[in-house]
Every structure is written in C-alpha cells, then in structure tokens.
Amino acid sequence: MGNRLSKIVTKTGDGGETGLGDGSRVSKSSERIHAIGDVDELNSWMGLLRAELSADDDLQPLLHQIQHDLFDLGGELSVPGFYALSEELLQDIEDNLEALNDTLPALKDFILPGGNRCAACAHMARTVCRRAERSLVEMARTETVSPLALRYLNRLSDLLFILARVLARRDNGQEVIWQSRHKRNDDNS
C-alpha cells in the first residue's frame, strides 16, 4: 500500500479525468465519480461525528465499523464489477438500528435537524447518506450497481436518523420538534 500512495500529485487528473481501481479512466463528472465522492463525503461526516464524541463513547465501535464499511463501498464503486459489501454488514446495521430505536419513545412529530452538535452531525451524515444513495440509483440507470450497496445506504440513513435522535436526547437534551407557522384549517379538509 505504501508504494501506491507514495506519490499523491500525479497530474494525471488535470484534464478532467480520473483513474478507477481497474486502471480505466473516466470523467470526473461521471455518475460513478459522483457516487464515490458522495460516499467519501459521508465517511468524512462520520469522522466528524466520531470526533465530537468522547473516545470511550459506547457508539464509537459502531461508527468506527461504519467508516470501514463505507471505505469498502468506495472501493467497490471504484472497481466496476467488484463487490465488497456482505449481507452481514446489512444485518449489523439493522440489528443496531433496532437496538437503538428500542431506547427511544415513539416518534409522534417531525423533528428538525439539531438538538446538539453531535445530533446535528448525525443529521448531516444522514442527508449526505441519502444523497449517496440517490447517486447510486442514478448510476444504476447506466451501470451495474450492487443491490446490497443500495440497501446498505438506505438502512444506514435510517440508522443515522435514529442516532441523531439518541444523541439529541443525551444529557437531558431534547429533539427539536417541527412547528409549522401555518395552522391547518380543519374546516377545509
């Protein structure tokens, strides 16, 4: 790995193309590169969320593993025809989602992103995750995309929503409940 990354400035992308893991070159504006970039941005938001939490926080192992899984997904996307994700990863997300959701009261209202800095970071990660999912859906119109990758991002965005709820409620905090300025006129319904 050291030899592969020893030269960061290659100047091979100066013309608007970049290399994929299989050696092929594609436009930096391609759907594949958009998807890779969105997954990379998501991973960066996960890193920021982890940095906001204490090193011994109970959520650190889960978030650490998700970062590795996202890096695997980026690798999968960078090599057409290569699949790195497994059903086990999806099951892990679903198990964690269920366990964390069981600690929360039923959601009766819409909530706004925020509550505290950690919850806001989780919401940012959630929205970027949804964008990454949309990028993969768009890419799937012209290229083969692993259905597991789509399912993984879909479940991960759900998990990030639940994480945001959990984090907003820490230390006697609260979620921010949406309150519309516009009152619904029940007479017109």
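**A first look around the model**

Q: Which residues line the largest cavity?
A: The largest cavity is lined by Arg32, Glu76, Leu77, Val79, Pro80, Gly81, Phe82, Tyr83, Met139, Thr144, Val145 and Ser146. A cavity here is a set of points on a 1 Å grid over the protein atoms alone where a 1.4 Å probe fits but cannot get out, and a lining residue has an atom within 4 Å of a point.

Q: What kind of model is this, and how are residues numbered?
A: This is a predicted model, in which local features need pLDDT of at least 70 and side-chain atom pairs count only at pLDDT 80 or more, while totals for chains, interfaces and linings use all residues. Residues are numbered from 1 along each chain as its sequence is written, and side-chain values use heavy atoms, with hydrogens and water left out.

Q: Back to that cavity, what is its volume?
A: Its volume is about 70 Å³, where a volume is the space filled by probe spheres set on grid points that are joined across faces, edges and corners. The structure holds 1 cavity of 30 Å³ or more.

Q: How many of the lining residues are nonpolar, polar or charged?
A: The lining of the largest cavity divides into 7 nonpolar, 3 polar and 2 charged residues. Ala, Val, Leu, Ile, Met, Phe, Trp, Tyr, Cys and Pro count as nonpolar, Asp, Glu, Lys and Arg as charged, and the others, Gly among them, as polar.

Q: New topic: how many disulfides does the structure hold?
A: There are 0 disulfides in the structure, a disulfide being a pair of cysteine sulfur atoms within 2.5 Å. Cys118 is in no disulfide, and the nearest cysteine sulfur, that of Cys121, is 6.4 Å away.

Q: Is Cys118 buried or exposed?
A: Cys118 counts as buried at 14% relative accessibility, since buried means under 20% relative accessible area, exposed over 50% and partly exposed in between, with a 1.4 Å probe and protein chains only. Cys129 is buried too, with a relative accessible area of 0%.

Q: How many salt bridges turn up?
A: A search of the whole structure finds 12 salt bridges, each a side-chain nitrogen of Lys or Arg within 4 Å of a carboxyl oxygen of Asp or Glu.

Q: Which residue forms a salt bridge with Asp38?
A: Arg131 does, with the closest N and O atoms 2.8 Å apart. Arg131 lies in helix H4 (residues 117-139) and Asp38 in helix H1 (residues 31-52), so the pair ties together parts that are 93 residues apart in sequence. Helices (H or I, at least four residues) are DSSP runs, numbered from the N terminus.

Q: What about Glu41?
A: The side chains of Glu41 and Arg131 meet in a salt bridge of 2.9 Å, N to O. Asp38 counts as buried at 9% relative accessibility, whereas Arg131 is partly exposed at 28%.

Q: Last one: which residues touch the most other members of the largest nonpolar core?
A: Of its 46 residues, these are Leu42, Ile66, Leu70, Tyr152, Leu153, Leu156 and Leu159. H1, helix H2 (60-78), helix H3 (87-101), H4 and H5 each supply at least two residues of this core, and the largest share, 13 residues, comes from H5. A nonpolar core is a set of buried Ala, Val, Leu, Ile, Met, Phe, Trp, Tyr and Cys residues joined through side-chain atoms within 4.5 Å.

Notes. On a 1 Å grid over the protein atoms alone, a cavity is a set of points where a 1.4 Å probe fits but cannot get out, and a pocket is an open set with protein on both sides within 12 Å along at least five of seven lines; lining residues have an atom within 4 Å of a point.
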